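Please read them with the structure open.

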There are 2 protein chains.
Amino acid sequence: MRLGNELIWLPPAAILIAISFAAYLVRDVLRRDTGTPEMRAVSDVIYEGAIAFLRRQYTTIALLALATAVVIGVLVGSFAHAIEVKGVTPLQFGIETAIAFLIGALLSSVSGIIAMWTAVKSNVRVAAASRYGVDKALTVALRGGAVSGFLVVALSLFGVWGLFQAFKALHGNDIAAAPFLIIGLGFGASFVALFAQLGGGIYTKAADVGADLVGKVEQGIPEDDPRNPAVIADLVGDNVGDCAGRGADLFESTVAENIGAMILGVALYRATGSEAWILLPLVLASFGIVASLAGVLVARMKNTSELPMAALNRGFFTSAALSLLFLGLTTWLMLGASWLYFFGAGVVGLVNAVAFLLITQYYTEGIYRPVKSIIDSSRPGPATYIILGLSVVFESTALPVLAIAAALSSSFALGAATAGILSVTTAVAGLFGTAVATMGMLMPAAYILAMDTFGPIADNAGGIVEMSNAPDELRAGTDALDAAGNTTKALTKGYAVGSAALAAFLLFSAYLDKVEHIVRNQQAARGATAALIEAKVRAMRVVDLGQVPVFIGALMGAMLVFLFASLAIRAVGRAAEGMITEVRRQFRADPGIMAGTSKPDYRQAVDISTRAALQQMILPGVLALTMPVAVGVILGPTAAASMLMVGTITGILVALFMNNSGGAWDNAKKYVEMGGVLDENGVALCKGSECHDAAVVGDTVGDPFKDTAGPSLHVLIKLLATLTLVMAPLFIR
Amino acid sequence: MRLGNELIWLPPAAILIAISFAAYLVRDVLRRDTGTPEMRAVSDVIYEGAIAFLRRQYTTIALLALATAVVIGVLVGSFAHAIEVKGVTPLQFGIETAIAFLIGALLSSVSGIIAMWTAVKSNVRVAAASRYGVDKALTVALRGGAVSGFLVVALSLFGVWGLFQAFKALHGNDIAAAPFLIIGLGFGASFVALFAQLGGGIYTKAADVGADLVGKVEQGIPEDDPRNPAVIADLVGDNVGDCAGRGADLFESTVAENIGAMILGVALYRATGSEAWILLPLVLASFGIVASLAGVLVARMKNTSELPMAALNRGFFTSAALSLLFLGLTTWLMLGASWLYFFGAGVVGLVNAVAFLLITQYYTEGIYRPVKSIIDSSRPGPATYIILGLSVVFESTALPVLAIAAALSSSFALGAATAGILSVTTAVAGLFGTAVATMGMLMPAAYILAMDTFGPIADNAGGIVEMSNAPDELRAGTDALDAAGNTTKALTKGYAVGSAALAAFLLFSAYLDKVEHIVRNQQAARGATAALIEAKVRAMRVVDLGQVPVFIGALMGAMLVFLFASLAIRAVGRAAEGMITEVRRQFRADPGIMAGTSKPDYRQAVDISTRAALQQMILPGVLALTMPVAVGVILGPTAAASMLMVGTITGILVALFMNNSGGAWDNAKKYVEMGGVLDENGVALCKGSECHDAAVVGDTVGDPFKDTAGPSLHVLIKLLATLTLVMAPLFIR
């Protein structure tokens, strides 16, 4: 039995399930106890700050998106001199691409806003629940986080499925043309992800650095102290960076991966006549939602003494196991004789997901060799601490790269083995193998995202407990959740890089498929002979690094990553400067703040962070959007391809470097502060001493790395892919 | 008039001139005043430490090189199943490659050892000369440095010219085959450069960190204080890193570039029948020696109040102007109708040299925007200082990359324009254009290297003045020279990266030429048809990033750079730990050291640095040597090519990042320490305060970056090229 087109109704069913589940979770969370009046008071200020930021940020993004949609419509509409899709005029194509772009941007924004809203509504309820036990608090925090996870995945699937159906219907039910028409959706998602991640990342670190530097260092008051004018901005920041930012990031991943895989599926559809190859990504994403749902329901602490991370891991492995089951079922139902190979490729993807989680844990947790060796190196002094820390962080890029290489080559080999069965080239079959691996890796995305958003909710709950003068036992409970949240945030970043890396190859190929598609139609329209068309296509499909323009494209790709990182980090520095000045001003203007007799002006600090973040996100954003187009237009489509590929490789390494440095130094500092470094005689070293300073500096350096530049680089990698996909017509003469 | 083979006697003449000039300089320096008995005493201990290190280091390198030569001989001899060069048996080929390797290693070692020896003989004479004026001291220091510069360039030219002549004579005067036979020489040079730079880099930073951390920070004694047990090791370190290391680096550059350009010249020789294309690199290198010689003679301070850097710049621009003249003359004499285009390409290379010097100065000197902005950011506090510093350093990679892209594309276009005149493809003509650009850039290499070695000599002279209790005015003079030396050291690193980047493309092409060469001979020997041979060759010459193995090769290349950087930095940390422990032990064991009543045991500290450096250089060295071979053997010759190319791109960016971070943070710290950061009221901020700590941390982080990892990465880039060139037969089945 081989199913194909019948399964086109599975995605809407899964979308309905996901949205209903999210709605249920929202109701469930909202009807819970909101704690003491003090807690509510703190939470209200966070809510207000978050909403103020969201309103301004998404207004800015909406304006930018509208302007960009017009530019896309005009450029694609007028430069698509070639007939990209038969029967579609260039003007129509430009308008439809612009509409798809706007829908992608809108859906990404909506899922980001609702997720943030739920997160800032959940935090106080987690704080309140912690009075009845940390296990209760975990359930509330995870459910709050799951709203984000399920909405992101559901709306992403909705966008792809809905536009696919709409454009198919609009253009004579041509199932093979439709995937090329919805590419704009992926770019819209990337566009919002870029600015959401940049704006959120800059905001959160500017607030954090401002709060720490003036509050903790200069005034000597503890973390989350209510006297600190920047404390609310700091708590708001945790949400806008980790919740809205990462949500947009994975929204983009799933959209881009689905579209890219569908484009690759077209070649197999043409060879076999089965729609299954085009629909497979949508069906697997649907089952991924169900698997994630089970994970969320299972992830409960058995009792208050179980480690929070153990419960969260149980949920993850449940999702992964169910994903495996569904993967087997789907490939068996849909792919006929070749199913076992593609099932194998999907398993490779799932294994890669687990590998990335384990490797990230290994390099950022205090109990393994890498962070331990950083901590140990604090004994001779701060210099060796920083030097060995950097060494560990450079090293931490190696295992993930090996994992990607292994996943890529084995899934390609598994796919290629079906070339005989399917009567296609090994390249086409092998590429689809890597696509299925990416689908497998992204199946548990909703659960991973739930774990991620759990992080800022738990962090905020801790802040609320601290600021509302609740008993110390509560803080211990929320601290345990916060520690688990730090882990899940780091893991999600690893997962996001890993899936971006695996998806990258599939997106390159989709880009080359699109270039081929354009060249064929263009040359046919110009009346070229078949031989000439084949020669042109062959030349366009080869990304030969031995050619000067292609090599220069590669150089530019690597350089873009470094320059973008520079601008993102600088943006944090500039925004932090404003924050520091404001906090100092408040302390100077009103000595009652430190005395505790008058309240600081939290709103002013929030406002400054908001404005600075939005101002500073523009320059890196514009660079990321214009440079690839400039390279493509000046140096041609193969140079754009090599920019995309080498930019992705460099981007993966630098992103891993950034994410892991932040995570490792953060945990090393925590260990040093707990007095965990002992000298030969067992006396605690380092606390309050010079190597503590080194630990603080490491943490400070790592902060904008892990929360601004690193995550923005994941987004940049995918933006490169979707941007070049949409702009390809401009590159071909 | 077109000259070709007549000019084969120009290189030996230039080599003679260079060696005579170096001998004259050695005599001139040695017969100068050696100062006070105190100065001589200090200098003797430095000399002794340096010689001890040299002896052990080069013994280790010699053993490693002998073992590697055997491995090369066996592997190349037995795996060269194909007849690489007609009429040469595989066994013969293996033996000759091994011999060429050993000669390359020997010549590089000899030039390194003599250069170091002269440098440690010069330092005390510079210290003594400073009593008669800083202008006199500059002349001595530059002459001491020039010994290194001229020997390195002369011996490199001698190696290439001599082996070329020898192998040509040995194999029936086949001028087209000879360039392929001397590739082993380049690998020998790379091999020694790798270990010289790694060992020297680790030694110098371990000693520096050890001396600073225990001496300056813990005991509060000034830099270069004779009570510090690590002070001599620190002074020795300046020589082994900057003098021997950079010398080996540029030795390797000139050897690899000459061989690569000669291989590219073979195609033009075949098309035109003129030997000029093969001999051009040797002739230009010969004239470069003369141009550099004039530069050294001109670089004198007009009076004691002129800035040392002004005199050194005068020398550089004299060398560059003469190089331009010789470039015009040579191309006009040798290249016939196409000369003007290739002259243009050579000018592009010279301009690129100047551009790299200017860009490096811009990003590392305190008077320009980048370092100024780092210094300014110390006002809000250490966090913004570090964050903005990193931002500047990431940014600093952009302009150099643009310069390389511009140089590469314009020199390729100039070369390609001659395709019609020469009746070759645009690829062959264009590539030779990039080769001529590289030759142009490397013409003033001897002068640049003289400026570079000037650095550690001036630095050591300052140390000797300080330690011999000479009057303070002397220290002011040597400080001025030291500051100029810091600049020239940074510039040389920029120049080394720039020339490595420009040479890279030419070396890729030489590698692909060699692969083609092997495949052709192999297939012909197997009796393949002409059509089959062409198909095979076409497949091997295309480095298509869209193929999975090629993409994985690219991933591995980028990863190798990060992993190698990790190991190099870790080596410094580990070696520094040993040094710190030893210095602390001496201070504890003998309180008389701090009191100034007993002398510390300098030798013990030198010994520990030496042993640690040699131990720690092995692991990164072995990684660099084995990983590319493993990739080539497992994934094939095109994957090896993409590893080489993307490894080079990533290596250039990371090396620029490392070099510039060290330079910028070093100068920023100097400015902060001079009390140059003022608050709104004009009061000096930062000195001795928290942001001074940040400045120190920045400097500490930057130190192993700029002196160990960065320079080792230049070497790695070229090693990748020469290693794959030599090992190519192993990759082809």
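Two residues are taken to be in contact if their C-beta atoms, placed from the backbone, lie within 7 Å. The model is a predicted one.

1. **Helix 7 against helix 16, chain A.** By that contact rule, Leu235(A), Asp238(A), Asn239(A), Asp242(A), Cys243(A), Arg246(A), Gly247(A), Leu250(A) and Thr254(A) of helix 7 meet a set of residues in helix 16 of chain A. On the helix 16 side the partners are Ala445(A), Leu449(A), Asp452(A), Thr453(A), Gly455(A), Pro456(A), Asp459(A), Asn460(A) and Gly463(A). This contact divides into six nonpolar, seven polar and five charged residues.

2. **Geometry of that pair.** The axes of helix 7 and helix 16 (residues 445-467) of chain A are 9 Å apart. They pack at an angle of about 175 degrees. Angles over 145 degrees count as roughly antiparallel, so helix 7 of chain A is roughly antiparallel to helix 16 of chain A.

3. **Helix 10 against helix 13, chain B.** Helix 10 (residues 339-364) and helix 13 (residues 398-416) of chain B have axes that come within 8 Å. The crossing angle is roughly 175 degrees. These two helices of chain B are therefore roughly antiparallel to each other.

4. **Who meets whom there.** Helix 10 of chain B brings Tyr341(B), Phe342(B), Gly344(B), Ala345(B), Val348(B), Gly349(B), Asn352(B), Ala355(B), Phe356(B) and Ile359(B) to the contact. Helix 13 of chain B answers with Leu399(B), Pro400(B), Ala403(B), Ala407(B), Ser410(B), Ser411(B), Leu414(B) and Gly415(B). The make-up of this contact is twelve nonpolar, six polar and no charged residues.

5. **The interface between the chains.** How many residues of each chain take part? In chain A, 64 residues are in contact with 64 residues of chain B. Several helices of chain A each supply at least two residues of the side that touches chain B: helix 6 (183-219), helix 12 (382-395), helix 13 (398-416), helix 17 (472-525), helix 19 (548-589), helix 23 (637-673) and helix 24 (690-731). Helix 19 of chain A gives the largest share, 19 residues. By class, the chain A side has 44 nonpolar, 14 polar and six charged residues.

6. **Helix 21, chain A.** Helix 21 (residues 602-616) of chain A has 15 residues. From first C-alpha to last, helix 21 of chain A reaches 21 Å, close to the 21 Å expected at 1.5 Å a residue. Its buried residues are Tyr602(A), Ala605(A), Val606(A), Ile608(A), Ser609(A), Thr610(A), Ala612(A), Ala613(A), Leu614(A) and Gln616(A). The buried residues of helix 21 pack against helix 2 (37-79), helix 6, helix 7 (231-272) and helix 19 of chain A.

7. **Phe731(A).** Phe731(A) sits in helix 24 of chain A. Is Phe731(A) buried or exposed? The cut-off for buried is 20 or more other C-beta atoms within 10 Å. Phe731(A) has 24 such neighbours, so Phe731(A) counts as buried. Leaving aside neighbours within four places in sequence, Phe731(A) is in contact with Gly632(A), Val633(A), Gly636(A), Pro637(A) and Ala640(A). Ile634(A) is 97 residues away along the chain, yet the C-alpha atoms of Phe731(A) and Ile634(A) are separated by 7.9 Å.

8. **Arg131(A).** Arg131(A) is in the loop between helix 3 (90-129) and helix 4 (134-170) of chain A. With 18 C-beta neighbours inside 10 Å, Arg131(A) counts as partly exposed. The C-alpha atoms of Arg131(A) and Pro226(A), 95 residues apart along the chain, are separated by 21 Å.

9. **Positive phi, worth a look.** Asn173(A) has phi near 55 degrees, a positive value in a residue other than glycine. Asn173(A) is placed in the loop between helix 4 and helix 5 (178-181) of chain A. With 9 C-beta neighbours inside 10 Å, Asn173(A) counts as exposed. Ser423(A), not a glycine either, has a positive phi of about 55 degrees. Ser423(A) lies in the loop between helix 14 (419-422) and helix 15 (426-442) of chain A. Its 10 C-beta neighbours inside 10 Å make Ser423(A) exposed.

Conventions:
Residues are numbered from 1 along each chain as its sequence is written. Chains are lettered from A and ligands numbered from 1 in the order in which they are written. This is a predicted model: local features need pLDDT of at least 70, side-chain atom pairs count only at pLDDT 80 or more; totals for chains, interfaces and linings use all residues. Helices (H or I, at least four residues) and strands (E, at least two) are DSSP runs, numbered from the N terminus. Ala, Val, Leu, Ile, Met, Phe, Trp, Tyr, Cys and Pro count as nonpolar, Asp, Glu, Lys and Arg as charged, and the others, Gly among them, as polar. Axes are lines fitted to C-alpha atoms, for helices over the stretch in contact, and angles run from 0 to 180 degrees between N-to-C directions. Angles under 35 degrees count as roughly parallel, over 145 as roughly antiparallel, 65 to 115 as roughly perpendicular and the rest as oblique. The expected span of a helix is 1.5 Å times one less than its number of residues. A residue is buried if 20 or more other C-beta atoms lie within 10 Å of its own, exposed if 12 or fewer, and partly exposed in between; C-beta atoms are placed from the backbone.
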